[in-house]
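Biologist: Please take me through one part of this model in detail. I would like a close look, with the cut-offs spelled out.

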Amino acid sequence: MNEALVNARKIRKWTQDKTAKRARVSRATLASLEQDGVPSLATGYRLADAFGCSVYDIFLPEYVEKLDNKGK
């Protein structure tokens, strides 16, 4: 499961339908991505834009965490 994507949606108290509409993707696409699907570049950017964050924050949180830990 893509916990970062699910958490981003739940923190905002958005349903899958609301999130999909804001990101201009289908609800089925969003559901697939929440179950570890891999987005197209365009879909990844649409979702990141809807959440107001980086594509890395949603789809590669371990990459961001690794970068954060290097600075410590």
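Which residues form a nonpolar patch on the surface?

Modeller: Tyr56, Leu60 and Tyr63 form the nonpolar patch, and together they have about 280 Å² of accessible area. Before more detail, note that this is a predicted model: local features need pLDDT of at least 70, side-chain atom pairs count only at pLDDT 80 or more, and totals for chains, interfaces and linings use all residues. Residues are numbered from 1 along each chain as its sequence is written, and side-chain values use heavy atoms, with hydrogens and water left out.

Patches take residues with over 30% relative accessible area and no salt bridge; like charges are joined within 9 Å, nonpolar side chains (Val, Leu, Ile, Met, Phe, Trp, Tyr) within 5 Å. Areas come from the Shrake-Rupley method with a 1.4 Å probe, and for residues only the protein chains shown count as cover. Leucine 60 sits in the loop between helix 5 (55-59) and helix 6 (61-70). Helices are DSSP runs (H or I, at least four residues), numbered from the N terminus. Leucine 60 has 36% relative accessibility, so it counts as partly exposed. Buried means under 20% relative accessible area, exposed over 50%, and partly exposed in between (1.4 Å probe, protein chains only).

Now the packing. The axes of helix 2 (residues 16-23) and helix 3 (residues 27-34) come within 8 Å and cross at roughly 105°. That makes the two helices roughly perpendicular, a label for angles of 65 to 115 degrees. Axes are lines fitted to C-alpha atoms over the stretch in contact, and angles run from 0 to 180 degrees between N-to-C directions. On the helix 2 side, Gln16, Asp17, Thr19 and Ala20 make the contact; helix 3 brings Arg27, Leu30, Ala31 and Glu34. Contact means heavy atoms within 4.5 Å.

Helix 2 also packs against helix 4 (residues 41-51), at about 110° with axes 8 Å apart. This pair is therefore roughly perpendicular too. Here Thr19, Arg22 and Ala23 of helix 2 meet Arg46, Leu47, Ala50 and Phe51 of helix 4.

Last, the salt bridge. The whole structure holds 1. Arginine 9 pairs with glutamate 34, with the closest N and O atoms 2.6 Å apart. The pair ties together parts 25 residues apart in sequence, because arginine 9 lies in helix 1 (residues 3-11) and glutamate 34 in helix 3. The criterion is a side-chain nitrogen of Lys or Arg within 4 Å of a carboxyl oxygen of Asp or Glu. Both arginine 9 and glutamate 34 are buried.

Methods: Angles under 35 degrees count as roughly parallel, over 145 as roughly antiparallel, 65 to 115 as roughly perpendicular and the rest as oblique.
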